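Here are my notes on this model, point by point. Please keep the sequence and the structure open beside them.

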Amino acid sequence: MTAFAAEALDGAFADAPAEASRAFRAALDAMSRPGTLQHAGGARPPAPLPPAAGALALTLVDAETPVWLAPELRAGPVEAWLRFHCNAPLNAAPEAAAFAFGSPASLLAELDRFAIGTPEYPDRSTTLVVLLDAFEGAEAELTGPGIRGTARLALGSSRAEILALAAPNRALFPQGRDLFLAAEGRLAALPRSTRLREV
Amino acid sequence: MYVAVKGGERAIDNAHAWLAEARRGDVSVPELSLAQIREQMTLAVNRVMAEGSLHDPDLAALAIKQARGDLIEAIFLVRAYRTTLPRFGHSVPLETSEMAVSRRVSATFKDAPGGQVLGPTFDYTHRLIDFALAAEGEAPEAPTAPPLAERTPHIAEFLDAEGLLQSEPEGGETPSDLTRQPLAFPADRALRLQALARADEGFTLSLAYSTQRGYGRNHPFVGELRVGMVAVEAEIPELGFAVEIGEVELTECETVNQFAGSRTEPPQFTRGYGLTLGHCERKAISMALVDRAMRWKELGEDDVGAPAQDEEFVLSHCDNIQATGFLEHIKLPHYVDFQAELELIRQLRREAEAAQAQARAEAQAAKEAAQ
Amino acid sequence: MSTLARAPAERLAALWEASALPSPEEPGGYEWLRRPESGAVMLRGRAGAVGAPFNLGEMTVTRGALRLASGEVGHAWVQGRDKRKATLAALADALMQTGAAREVETAILSPLREEAGARAEARAARAAATKVEFFTMVRGEDG
């Protein structure tokens, strides 16, 4: 009586209240201290979704948060996993999405369409969850609220694309889009208030 | 100057302890069980569910017990509880035309298909206190008759078929939800109906009554009032199709309102609509009247300035939890605010007295100068 | 699923207890895919019963999903806040795909269905007895 393959059903938090609380704390710390790496574990989503992005989804995504999935995640086990465990509407238009999951390139291709919130409700924007392989290689320098002086974050070969994802935020503030970056079990965030430059 | 003070912790703890004792009452009297409240105070339970905006009879019964029978307090408890529940999704729109009716009356058509089914109603009781109920005893079993096989169609369907009833615009999109987004004006009908469905029964009744007395009169007939069980279906994402996840009792009222036509609409009957969780017929009828009154704009009627026509007035004041929260907070300490007011009044008084004294002195001086 | 969803929790537990079905407390019988969780489903009505949808109010619901040791998956979405009811409903859903299907049907589903039918019938019979029969009164007319 199920429309799902086995891999879509496994991999949720074993102890949801405790693990979701920890993942929420990780997301909060990542957003309030841009550039720091936080551990977000407990989820075992199907590839190519990094475990940290899975934990974030289990914690923040539900039936009331429309999700936009990049083409590389659609119609596969990732979509089925998110549908079963988060119960989320997954075919949202970019403009209507509360969260968008995808590679830096896929998110960049649709960037202009993701919501930036309204002047009255700047929070009604799309939070981008950027899926990376690792936090390694070429770095960006970060300044802004939550950062004492400057911070550095290794973005590797995706650096130019991530800089481009965050670039419009400066002119849009207080509207704009917040970014989570996820690689394996680790999470970083670039809220709309953070400024980035290559180093 | 702002002086923060704290204190009263022991007094509050003791007040809570006494509240618990007072709630229990005389311990020589047996304690109420939740099942007793649920089964024998059913209409109170229904009101708490409707205005608490959460269908769960056991929870409503517990809230009533905890609130010592203060229904607004019980509604407050249910509202607070529901905010802690994750929202799994929404139902498919409830099919009230498929309702298993326990009561169904029409004030407009005597011979409506499905008939006039009175159900367990107070309508024809004499409103004389029944002292027999003071003594314990089993109620006699109600008579039965072979169940009616036929479906009970909505009365409105008949007028609709003749084209004499204003048709309801369909809307496929997701209705706005005031529990998720702050109320903004102008509010569409979906928002107005949601607000009214959880609105205070007394407030809604009074507003509905005001329209009957001439403040935005809209000539309602109760086309139909029905109470009964309706199956709840919801789309289950893991299954990919809709299944029944329960059943709820609902009260539905459709009014048919006289309408002479307007600048935009031909002469026809118009509708008001009331729907509540549980058996709450006074509320459902009131809701239908107030719904109709607020539709003046879309029907091209004049705004006669009646309170029931003013959606901002109605929707901003119909919620008893909002209202009681703001009202009751004024009995909590406002020492600092009041101190400032007191200082202000004293100062104004000093200034006024000084001004009076000066005026007297000037008048005296002028008089002396004239002499 | 609908029979289980609206079943009284105590009744479902009692029928299960009396049946030959494995107790959910027996270790190793199944693993949770999603532990029972209570929440709410927003009930929607339609303006004028036929028009645009609106949000009426919520209903408590408990859901869960499990997988038997033999691999069958069972889902439950049941009315109310009773987690054991959701557990038994998910277990029944999974067992319906196994050799125990007949036992689930005869010991659980069929009695629940009958009892629900009897409750509905009792209400309908009382309603039918309050149906008004109109009599036309004889009018005094001139010969």
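1. Terms first. Two strands pair if DSSP finds at least two bridges between them. Helices (H or I, at least four residues) and strands (E, at least two) are DSSP runs, numbered from the N terminus.

2. Ground rules. This is a predicted model, in which local features need pLDDT of at least 70, side-chain atom pairs count only at pLDDT 80 or more, and totals for chains, interfaces and linings use all residues. Residues are numbered from 1 along each chain as its sequence is written, while chains are lettered from A and ligands numbered from 1 in the order in which they are written.

3. The sheet of chain A. Six strands form an open sheet in the order β1-β8-β7-β4-β3-β2. Pairing is mixed. At the edges sit β1 (38–39) and β2 (67–69) of chain A, each pairing on one side only.

4. In chain A, β2 runs parallel to β3 (residues 99–102), and 3 bridges join them. Opposite A:Trp68 stands A:Ala100 in β3(A).

5. Helices on the sheet. Contact here means C-beta atoms, placed from the backbone, within 7 Å. Axes are lines fitted to C-alpha atoms, for helices over the stretch in contact, with angles from 0 to 180 degrees between N-to-C directions. Helix α3 (residues 51–60) of chain A lies across β3, β4 (127–131), β7 (179–183) and β8 (186–190) of chain A. Its angle to β7(A) is about 135 degrees. Helix α6 (residues 159–166) of chain A also packs on the sheet and touches β4, β7 and β8 of chain A. The direction of α6(A) makes about 180 degrees with that of β4(A).

6. Chain C against chain B. The contact takes 50 residues from chain C and 63 residues from chain B. On the chain C side, α1 (2–6), β1 (30–46), β2 (53–68), β3 (73–79) and α4 (101–129) each supply at least two residues. The largest share, 11 residues, comes from β2(C). By class, this side of chain C has 26 nonpolar, 13 polar and 11 charged residues. Ala, Val, Leu, Ile, Met, Phe, Trp, Tyr, Cys and Pro count as nonpolar, Asp, Glu, Lys and Arg as charged, and the others, Gly among them, as polar.

7. Strand pairing between chains. Strand β1 (residues 54–55) of chain B runs parallel to β2(C), joined by 2 bridges. B:His55 stands opposite C:Met59 in β2(C).

8. Chain C against chain A. Here 8 residues of chain C contact 6 residues of chain A. On the chain C side, β1 and β3 of chain C are the elements giving two or more residues. The largest share, 3 residues, comes from β1(C). The classes are 2 nonpolar, 2 polar and 4 charged.

Definitions and conventions:
Contact = placed C-beta atoms within 7 Å.
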